[in-house]
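Let's learn to read aromatic pairs together. Please open the entry below and keep it in view.

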Amino acid sequence: MMPIGERDWKRFVPLKKRALERYCRTTLADVAGLCAPLHDTGEDEDSGPSAHKQYLDVYWLVQERNKQMARAFDGHSRSRAPLQLLALVEMGLLTDTEISEFSSDLQTLLHRPRLAESDA
């Protein structure tokens, strides 16, 4: 895959930061959701999911999200940018408006996975 051009690179850099913020907010909300039953029950320690089970669920979620985060955000180079953009699209972190700001070649690449999924 070819590195992206200067115009697309200048759009990618701030977009990657926004997407990371979206990703982290979603992950934190999911972690809070896993923890909520423990705090919201107001009951004793023997009712509802155990703190240990909730901890394990949170640990598993964070581990999985870290793997996804690494694929989409680790490394910062023009050569990795197209693959990272594809990952961001796959993860639902980019809006159609944001995608439309890129060059037509890059938009074609980014829309290709969606077309393949709809054909399946």
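Q: What should I know about the model, and how are residues numbered?
A: This is a predicted model, in which local features need pLDDT of at least 70, side-chain atom pairs count only at pLDDT 80 or more, and totals for chains, interfaces and linings use all residues. Residues are numbered from 1 along each chain as its sequence is written, and side-chain values use heavy atoms, leaving out hydrogens and water.

Q: How many helices and strands does the protein chain have?
A: Helices (H or I, at least four residues) and strands (E, at least two) are DSSP runs, numbered from the N terminus. Here the protein chain has five helices and zero strands.

Q: How is a pair of aromatic rings described?
A: By the distance of the centres and the angle of the planes. Rings of Phe, Tyr and Trp (its six-membered ring) pair if their centres lie within 6.5 Å; planes under 30 degrees apart count as stacked, over 60 as edge-to-face and the rest as tilted. Searching the whole structure gives two aromatic pairs. Tryptophan 9 and phenylalanine 12 form a tilted one, 5.7 Å centre to centre with 40° between the planes. About one helical turn separates these two, because they are three residues apart in helix H1 (residues 6-40).

Q: Is tryptophan 9 buried or exposed?
A: Buried means under 20% relative accessible area, exposed over 50%, partly exposed in between (1.4 Å probe, protein chains only). Tryptophan 9, at 14% relative accessibility, counts as buried, and so does phenylalanine 12 at 0%.

Q: What about the rings of tyrosine 23 and phenylalanine 73?
A: Their centres are 6.1 Å apart and their planes at 50°, so this pair is tilted. It links distant parts of the chain, with tyrosine 23 in helix H1 and phenylalanine 73 in helix H2 (residues 51-73), 50 residues apart. Both tyrosine 23 and phenylalanine 73 are buried.
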